[in-house]
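Hi,

Here is the structure I promised to pass on. Have a look at it first, and my notes on what turned up follow below.

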Amino acid sequence: RSSCGAPAGRMGLEPLFQAWSYFRRRKFRECADLCSQLLERPPGEQELDSEYTLFQAAWSLKTRALTEMVYVDEIDMDQEGIAEMILDENAIAQVARPGTSLKLPGTSQGGGPSPAVRPVTQSGRPITGFVRPSTQSGRPSTVEQAIRTPRTALTARPITSASGGYVRLGTASMLTNPDGPFINLSRLNFAKYAQKPKLAKALFEYIFHHENDVKNALDLAALATEHAQFKDWWWKVQIGKCYYRLGLYREAEKQFKSALKQQDMVDTILYLAKVYLRLDQPVTALNLFKQGLDRFPGEVTLICGIARIYEEMNNISSAAEYYKDVLKQDNTHVEAIACIGSNHFYSDQPEIALRFYRRLLQMGVYNCQLFNNLGLCCFYAQQYDMTLSSFERALFLAENEEETADVWYNLGHVAVGIGDLNLAYQCFKLTLVNNNDYAEAYNNLAVLEMRKGHIEQARALLQTASSLAPHMYEPHFNSAILSEKVGDLQRSYTAAQKSEEAFPGHVDTQQLIKQLKEHFSML
């Protein structure tokens, strides 16, 4: 620190620089505390600077620090809640043209393994290699199914995107300010702030992210864009985000399109694509991404967006091609590596999948899911020495009961593969101890009970499995076989029809239905 005297009236600047330094180093709590001390000083100590007073600078910095503490990237955070799924007022074609809808799973051009090889979600799409908010929940056809989606299995109350996804954001003000909110929104004069663009932007982000008050944020953004004579693209994007959060997708689309005309930005393209996906227009979103790639060649987020849409539309071969393009641009992209690895595994190429998962391990990804996948790849690639050690490591790294259940379920499969049915039985039982809603474990336990000749137990387990996962064909098919064996042909026929509905291309189901029809015609 220099020994020369500081100019009169500028004593507060050093703490402000200190606060700015904290902010740059992402020490947001310390930054906010220091700004609070500056704001508590008597007004006489604050002298006008070139544009803003020290008071305004500290206020703006504290606002930004509090926002950063709870900031969530809106582009990736896309949780469609139950309210949006079931009470969706946007009319869409009930019978969409093949390959144009995400809501109707049958509309795919193939290109991927059948449900007999690769499990599907309840919306009928194959399980992805990487968990994203949009792949967590399916498109349930009934409220009961919706309430049983994976995201909501842990809470008693159905989640909506307005409540579940943003609960943490809305209560953030209580956590970060024990004395009460930093800014009392009800007393703010938005018109005054809208005329100060630098302050207005910090204030908007605070209201939108920290307070989760979309309506007030929209009011401020509307006044600010008016003050900027509708020439500032940033405000248009923010208004679009507010409309999107409020469920006004067509209005959001107009704002994002207008912003793109003024300033071509990758983020704006991603926001607009989110709107189209929510409106169930994946083809429009694909075209938008491809136009974006003409203007931003090699942009990883756009290529990845195309790959995700193809994957959701069940067009696995195209998705794999685009994920490979992602790796050409960024060879450490975890999602692309995981999805290509998963695709190779389900295409009966476990050795190649193993290379991709080992690559993730080399990159420093070290979690339960990765060791789970490594264990399965090693088993199917006949590298038995590594299989059990991978699963042991996966069990050790499991963070919750759902992950533990997955590991025990896969160990059950390994036990079936080596012919140790007693071990398999215990593994599937342990799966249900950790996760009582594991439909696949109920189904496999039922098969083991059938082998032991315990018909009633098997039937009860299959009923549980089919009620937990109506989208799976296996419980229905097994139930049909079981009923046919004991002579209950009517029940067998009903279950076989459900199996055919879940997986129309299943040959064994078709043969069983054919046999049953012959029985009925003889009667």
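Let me start with Asp-232, which at a relative accessible area of 19% is buried (buried means under 20% relative accessible area, exposed over 50%, partly exposed in between, with a 1.4 Å probe and protein chains only). Before going on, please note that this is a predicted model, in which local features need pLDDT of at least 70 and side-chain atom pairs count only at pLDDT 80 or more, while totals for chains, interfaces and linings use all residues. Residues are numbered from 1 along each chain as its sequence is written, and side-chain values use heavy atoms, with hydrogens and water left out.

Asp-232 sits in the loop between helix 11 (214–227) and helix 12 (233–245); helices are DSSP runs of H or I with at least four residues, numbered from the N terminus. Its side chain reaches the backbone nitrogen of Trp-234 at 3.0 Å. Not counting residues up to four places away in sequence, Asp-232 touches Lys-201 and Gln-262, where contact means heavy atoms within 4.5 Å.

Thr-63, in helix 3 (residues 54–70), is buried, with a relative accessible area of 0%. Leaving aside neighbours within four places in sequence, Thr-63 is in contact with Phe-182, Ile-183, Ala-202, Leu-203 and Tyr-206.

Next, helix 15. The 14 residues of helix 15 (residues 282–295) should span 20 Å at 1.5 Å a residue, and the end C-alpha atoms are 20 Å apart, which agrees; the expected span is 1.5 Å times one less than the number of residues. Which residues of helix 15 are buried? They are Pro-282, Ala-285, Leu-286, Leu-288, Phe-289, Gly-292 and Leu-293. Seen down the axis of helix 15, these buried residues fall within an arc of 160 degrees, so they line one face of the helix (the arc is that of the directions from the helix axis to the C-beta atoms). They pack against helix 14 (266–278) and helix 16 (300–312).

Now the aromatic rings. A search of the whole structure finds 21 aromatic pairs; rings of Phe, Tyr and Trp (its six-membered ring) pair if their centres lie within 6.5 Å, with planes under 30 degrees apart counted as stacked, over 60 as edge-to-face and the rest as tilted. Trp-20 and Phe-23 form a stacked pair, 5.5 Å centre to centre with 15 degrees between the planes. Both lie in helix 1 (residues 13–24), 3 residues apart, about one turn of the helix. Trp-20 is partly exposed at 34% relative accessibility, whereas Phe-23 is buried at 9%.

Tyr-493 and Phe-520 make an edge-to-face pair, because their ring centres are 5.6 Å apart and their planes are at 85 degrees. Tyr-493 lies in helix 27 (residues 489–502) and Phe-520 in helix 28 (residues 507–522), so the pair ties together parts that are 27 residues apart in sequence. Ring pairs also link Phe-345, Tyr-346, Phe-379, Tyr-380 and Tyr-384 into a cluster.

Arg-245 lies over the face of Phe-208, 4.5 Å from the ring centre, and the charged end of Lys-452 sits over the ring of Tyr-425, 3.8 Å from its centre. The criterion here is NZ of Lys or CZ of Arg within 6 Å of the ring centre and within 35 degrees of the ring normal.

Best wishes

Technical notes:
Helix = DSSP H or I, 4+ residues; strand = E, 2+ residues; numbered from the N terminus. Polar contact = N/O pair within 3.5 Å; in protein donor to acceptor, adjacent residues only side chain to side chain.
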